[in-house]
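Please open the model in your viewer and keep the selection panel at hand.

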Amino acid sequence: GINAEYGEAVVSTQSTGSEYWQIQKLIKYLKGGNPTATLIALCSLRDFDLSQDICQIAIRDVDGLEALVNLLDTTEIKCQIASLKILKDISQSKPISRSLTDLGAIQSLIRLLSSTVADLQCLAAETIANIAKLTRARRLVRKDGGISKFVSLLNIPANTNIEVLKEDTQAVELLRCAALGLCSLSKSKKRKKDDGESRTKRGM
């Protein structure tokens with residue numbers, strides 16, 4: 001069966017197509033511990049349209065999300081980056097974001113914000129931005145000190161030459177991703193309600 005969150009009730013061999021089974025085979029390589037095989041499997045996974053429900057279901061059905069989250073704590077930077085690229089894409093799905101929150105992904109992602117590797121920081125920030133659209137996830141990011149780390153990423157020294165900074169595409173991308181993260185964290189029904197009330201009081 002398929003999780004009802006995806007709006008499906010039954011999976012049959014005929015309806016899933018080859019993607020379902022191919023993805024499940026690749027996920028097995030993520031659990032083998034061989035860095036080369038893991039990296040190849042991760043790159044192969046990105047050849048699929050992971051925005052499709054059936055692809056996300058295939059990942060979930062064999063505990064692929066847990067495998068991807070575990071790779072965030074590996075010492076193999078290439079595997080971390082490849083895993084994050086997948087998580088960034090699929091975390092745009094609310095059911096996936098809920099599962100990632102349950103798996104403790106937020107804690108690992110927040111740790112990566114302090115990485116010395118800019119690609120890891122960017123991808124982690126953008127993934128958090130996706131997951132933090134959920135109220136519970138936002139609370140966890142705040143609780144685990146995520147806001148201060150995002151603010152640090154946005155900290156530009158006073159003597160920085162802005163024109164030179166504009167030419168540094170990696171630095172600009174990091175600023176963009178950090179801003180996305182803070183933007184998601186600032187969303188709150190209570191805050192929106194308070195803002196609406198204050199505008200009403202001012203006659204706006």
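Accessible areas here come from the Shrake-Rupley method with a 1.4 Å probe, and for residues only the protein chains shown count as cover. On that basis, the accessible surface of the chain comes to about 11,400 Å², of which 51% belongs to carbon and sulfur atoms. This is a predicted model, in which local features need pLDDT of at least 70 and side-chain atom pairs count only at pLDDT 80 or more, while totals for chains, interfaces and linings use all residues. Residues are numbered from 1 along each chain as its sequence is written, and side-chain values use heavy atoms, with hydrogens and water left out.

**The whole chain**

Colour by secondary structure, and the chain shows 13 helices and zero strands; helices (H or I, at least four residues) and strands (E, at least two) are DSSP runs, numbered from the N terminus. A contact means heavy atoms within 4.5 Å, and of the contacts with a separation of 6 or more, 71% join residues 24 or more positions apart.

Select L26, which is found in helix α1 (residues 13–30). Is L26 buried or exposed? L26 counts as buried because its relative accessible area is 15%. Beyond its neighbours within four places in sequence, L26 is in contact with A41, S44, L45 and F48. The C-alpha atom of L26 also lies 9.8 Å from that of C43, 17 residues apart along the chain.

Next select I23, which together with L30 has the most contacts inside the largest nonpolar core, a set of 55 residues. Such a core consists of buried Ala, Val, Leu, Ile, Met, Phe, Trp, Tyr and Cys residues joined through side-chain atoms within 4.5 Å. Leaving aside neighbours within four places in sequence, I23 touches L45, F48, L50, C55, A58 and I59.

**Helix α3**

Helix α3 (residues 53–61) is mostly covered, with seven of its nine residues buried: I54, C55, Q56, I57, A58, I59 and R60. Just after α3, select D63, where phi is positive at about 60 degrees.

Q80 is found in helix α5 (residues 77–90) and counts as buried because its relative accessibility is 7%. Not counting residues up to four places away in sequence, Q80 touches L71, L72, D73, T74, L112 and L120.

Q170, in helix α12 (residues 169–185), is partly exposed, since its relative accessible area is 40%. Beyond four places in sequence, Q170 is in contact with A118, D119 and C122; A118 is 52 residues away in sequence, yet 7.3 Å away in space, C-alpha to C-alpha.

**Helices α10 and α12**

Finally, show helix α10 (residues 146–153) beside α12: the two pack at an angle of about 150 degrees, with their axes 9 Å apart. Axes are lines fitted to C-alpha atoms, for helices over the stretch in contact, and angles run from 0 to 180 degrees between N-to-C directions. The contact is made by I147, F150, V151 and L153 of α10 and by L174, L175, C177, A178, G181, L182 and L185 of α12.

Terms used: Buried < 20%, exposed > 50% of the residue type's maximum accessible area, 1.4 Å probe, protein only.
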